[in-house]
Amino acid sequence: MSDRVAEASAVVGSRAVASGRAGATERVRAALPLVGLYAASVTVALALCALLVSSTGGSATRVFGALLDGSVRSPGAWGLTVTTAVPLLIVAVGTIVATKAGLVNIGQEGQLLLGAGAAAYVATRLHGPGAVVLTVSFAAAVAVGALWAGVAAVMKYTRAVPEVMSTLLLVFVAANLTNFGLTRKWLLLSRARVVNNTNSGQPLPAAARLPKIHVFGNTISWGVVLALALAGIAAVVVNRTVVGFRLRMLGLNARTARRAGVSAVTYGGAALAVSGGMAGLAGGVWLTSGIAGDRFTAGISSNLGWQGLLVALLARDQPATAVPMAFVFAALRTGSGFLSATGVERRIADVVQAMLVLALLVPPAVRAVQRRRAPKEVPA
Amino acid sequence: MVDTSGAGGRPPAPSVRLDGITKRYGAVVACDGVDLELRPGRIHGVLGENGAGKSTLMKILIGLVQPDEGSIAVGGQVVRIGDPTAAGQLGIAMVHQHYSLVDTLTVWENVVLGDRAGFDRAHARSRAADIGERYGLQVDPDAVVGDLTAGQRQRVEIIKCLRREPTIIVFDEPTSVLTPAESEQLFGVLRRVVSEEGRTVALVSHKLDEILHATDEITIMRGGRVVERLATADATAARLAQDMVGRPVSLRSEAAALGLVGELADDAASVEQADAHERAAAEQPVALRVEGAVVMGPHGRRLLDGLSLEVRPGEILGLAGVEGNGQRALVDALSGLLPLAAGTVDVAGARVATERPGAFHDAGVGIIPEDRHDSGCVLDMSVAENLVLAHPSLVAARGLVQRARLLDHARRLMAEFEIQAASPDAPMRSLSGGNQQRVVLARELSADPIVLVAAQPTRGLDVGAIEYMAAQLRRAAAAGVAVLLVSTELEEILSLAHRICVIFDGRIVGELARHEATPERLGLLLGGVAA
Amino acid sequence: MSGVGALWDVASSSILYASTARLAGLLAFAAVGEWVAEKAGTLNISIESMMLTGAFGAALGSDLSDNVVVALAFGLFAGLAVAWVQANLSHRLAANQFVVGLTLNVLAVGLTAYLNAQLKPDVHRVGVWRVPVLARIPLVGEALFAQSWLLYLLYPLVPALWWLVYRTRWGLEVRSVGENPQAADVSGIHVNRRRRQAVCVAGLCAGLSGSFLTLGLVGKFGADGVSGRGFIAIAAVIFGGWTLRGTVIGACVFGLFDALRLALPALGHPVNTQLLNALPYVMTLATMLVLARRGRQPGALARPFARGLT
């Protein structure tokens, strides 16, 4: 191998020296086709959605109009969207930490659900001032989420079970565990009466609600401050600290990292626990945000975990990029809530969302393939 | 009729003609208007340093790389070779070093992998066995490839290649995994397929000995161009060396880099020097002591089987051995990457806690790993970051990496070790192999190691870089570092080592003072015959 | 003692056997397809969406044609369509296969629900066909051979896939690209093409599974019928240690749990369905704990391939 690698990298090396002084204008010019690709693929995706809607007897303009109304245009929609983006961002930030350590956690949905469950359990039992109730509930959410991801970590580091599979499978165990909790009054089931024939949780006390910020007629949960702070902290820790340095080393080359004294068990285990804890926290924040209903229900996670994971992956593991990405995903969620009010099957929003994700996925992939076919420049 | 007279007589029509082949990677031209003719019944040596473009040229011939310019004619017809399958249909095949085998499949499955013909188990198995028989390359067709030794795996590669009855066969640096005896056997097979079966063989190598010994005609490449074509009968080591490197070279001092065992074995002055060095070192306390090391591999195989060795400050201990005899396991164990099932390691008299990550580094063991991409550096981090991998705290304050100090540290080492990079922020991936190796060396030496383990430190480097590495190892030893040089290249061992141990099947089978080390004796030991 | 009583009631109930066969069949169709995809190196989590579109495609086909074969063809095509997208995005454009899979799952849920609401397809259920003689085998005859004939497609499918993977050149190449794509590449195999084809096989199998659900079991399009079963199919492959036999056994065991979940309350035994639901996943996790060290999973599972990357 080494011979070929050496030859190839020798070639790449001198190329880097040659292109290292490329000016900023050239960099912009190089980025232009990518922007064009993005525009084209998003347009195609939206056109396909419009085609689908109009060919099945709907009105595409009404659907897109409703999506926009529900997410940003109508009064108060901004606040709703931002509040919805909070759990997505928190999940994504946790995911980024795990990904930087080279771990593929795809079990956020379950971690989030259990976190919400733990927060609900604590919040409905603890009496005291709001700050205390919220803090303890969130701590419980973080702990349970971290514990759930920790199961995968233990399986990975003691028995070499790939975390991709264990985290995925644990999602469904978590879902069934919380469902079980909803059948027992000593766990999560409402102690009063059963609403609508479905098992639902005990209503949260008024103290266990995140305070709100009111801006220009929009109501935003204070969770947004928490989420942005976490994103900022994550960005600094990963990119600027010694711990982050070692974490990235582990993710990029585990063997070199081990030789350099980075324990995969410690760092990898911690990264998995952090990502699980964040997902759990997202569950707690979502539960108490005021727009997810007033109690824990089986469907409370409603794909927030999966979508948070997508936010992280589409943001290419950059906390800063994850912020707008979370907002876009949240807009599609809140927009779809508005759809049903207009009489259009609201599931079309899932289609729009998925098509947009695919559209965002294609351009960088196309670029990467082009680069491989004609290696004219060095990836920076 | 096939002309089997080797280099003499009227040359037969070429079976392959490469015309003006050019391949660019950005600003760099890997192949620059290369012409090459391969003739049936001849073994054609393609000689060149690493980076000379010979691998790229062969990849073009086999369809793995597409040329930017130039044409390829096979049997007089101009063809386009889009992928290895197309090459196969034209009768072109390549024996890869060891990349083309799938460990979990059996020998016969591997042999037929990639064929297009029908799929008949019984037939495929007996064919695999037959070909093995025909060339004296016996392997059990039902054995699982993952269980085979490096030498056996190469037999499978050759059988796989010959099964398709190719008319043109490319051997890419085939001897690195073989003992001298196995290499002889391989050259016997090569001679047979050209003289008895009239095939065309290209032997790609950077070793002068091999090229002089096994080929009929030679093409020498340098910097992407063909610099010389000649019949092997007219070639001398000195002339080949000069053409390959592009400047007059001293065969004696650069013999290791050029692959000339003969020049080294009887160099009385340097032998005496080495022995003198050894007598001085023997009075020092042991710096590295490995005692009864056992490392288990998959399928319960013992990669190291009770290996013991000692290295003293100031000496270079050469650990010679054919690839696949446990060298990788030893270096991995000394890097803390593989657990010891039994045995101990002491550095400067202190026991190393082998299972703790980073323990060896902390104990003062520096490593230049065999595959730097695997465990020597992080390709997607910057040069500056790669220079502080084990000790980021050197450039940090209160847990935060200080960028100014990081860059300072990098610039200092880059100057000291002459590392060529666009900037300290350049990604490690963008450096040439030689410069990556310098980064590894700079980092390991700057940590003031007690022991330096250098595993195949010059593999894949060009002659200049090899010389630099050799000088650095000598300098480290002179400064009192205990150097363990692990190499499959006898030339390297003979030119650098003060004392030589031979590893076979996970054990040390012989230890020689420098003056006892003749190529014959080493050859026997490498094959596991105790001296 | 009620637990023992329940078990006895259940074990003596031929309804349970029949229901197990149906639910196990539903899982097995998808699981054997997933097995092929994983053998080639794809952890294909969009199997769930392939089942879903397959189920809807079959419903649509049935509505349009009143013909089971046409409906089946629609189902297969719908599964294949999703597979084609997954295959090309992850093995041509090298997009992250989990992102693609998760997205396709969202897309399929939305698309089928939307189209179902707009088009409201009418499904003609396939009747039961008792296989002469075989249906009279004691204990298992009724369960295995007195079902919708769609289930019988599974019986030749399993050996056919085994033959395909272990006895054909295509299968050898599929195994090699899942195990060591670099080696397969230099041997002249088009790695990503084989992987795409394997994903497409999974799509066809999952389409068959969805069609069986719609045409053979439910008689209408029902997303609830799929919800999560694609993931159980993945669990079956892992549970089976990436062998075909193990995969089928996994599907049978998990089908039994499914049947128990439905049968126990019907037989008058209150049971904790949530914990029973979790059993397939817990058992798969436990199996992995025991077996993971043996490393029987394909060497390059879930790793993208690009020439030159090592």
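Modeller: Helices are DSSP runs of H or I of at least four residues and strands are runs of E of at least two, numbered from the N terminus. The model is predicted, so local features need pLDDT of at least 70 and side-chain atom pairs pLDDT 80 or more, while totals for chains, interfaces and linings use all residues. Residues are numbered from 1 along each chain as its sequence is written, and chains are lettered from A and ligands numbered from 1 in the order written.

Biologist: In which helix is A:Tyr121 found?

Modeller: A:Tyr121 belongs to chain A. The helix that holds A:Tyr121 covers residues 108-123 and is α5.

Biologist: Is A:Tyr121 buried or exposed?

Modeller: A residue is buried if 20 or more other C-beta atoms, placed from the backbone, lie within 10 Å of its own, exposed if 12 or fewer, and partly exposed in between. A:Tyr121 has 21 such atoms within 10 Å, so A:Tyr121 is buried.

Biologist: How far apart in space are A:Tyr121 and A:Phe327?

Modeller: In sequence, 206 residues separate A:Tyr121 and A:Phe327. From C-alpha to C-alpha, the distance is 29 Å.

Biologist: How many helices and strands has chain B?

Modeller: Both kinds of element occur in chain B. The counts are 20 helices and 22 strands.

Biologist: What percentage of the residues in chain B is buried?

Modeller: Chain B has 531 residues. Buried residues make up 55%.

Biologist: What does the C-alpha trace of chain B span?

Modeller: The span is taken along the principal axes of chain B. It is about 70 × 50 × 50 Å.
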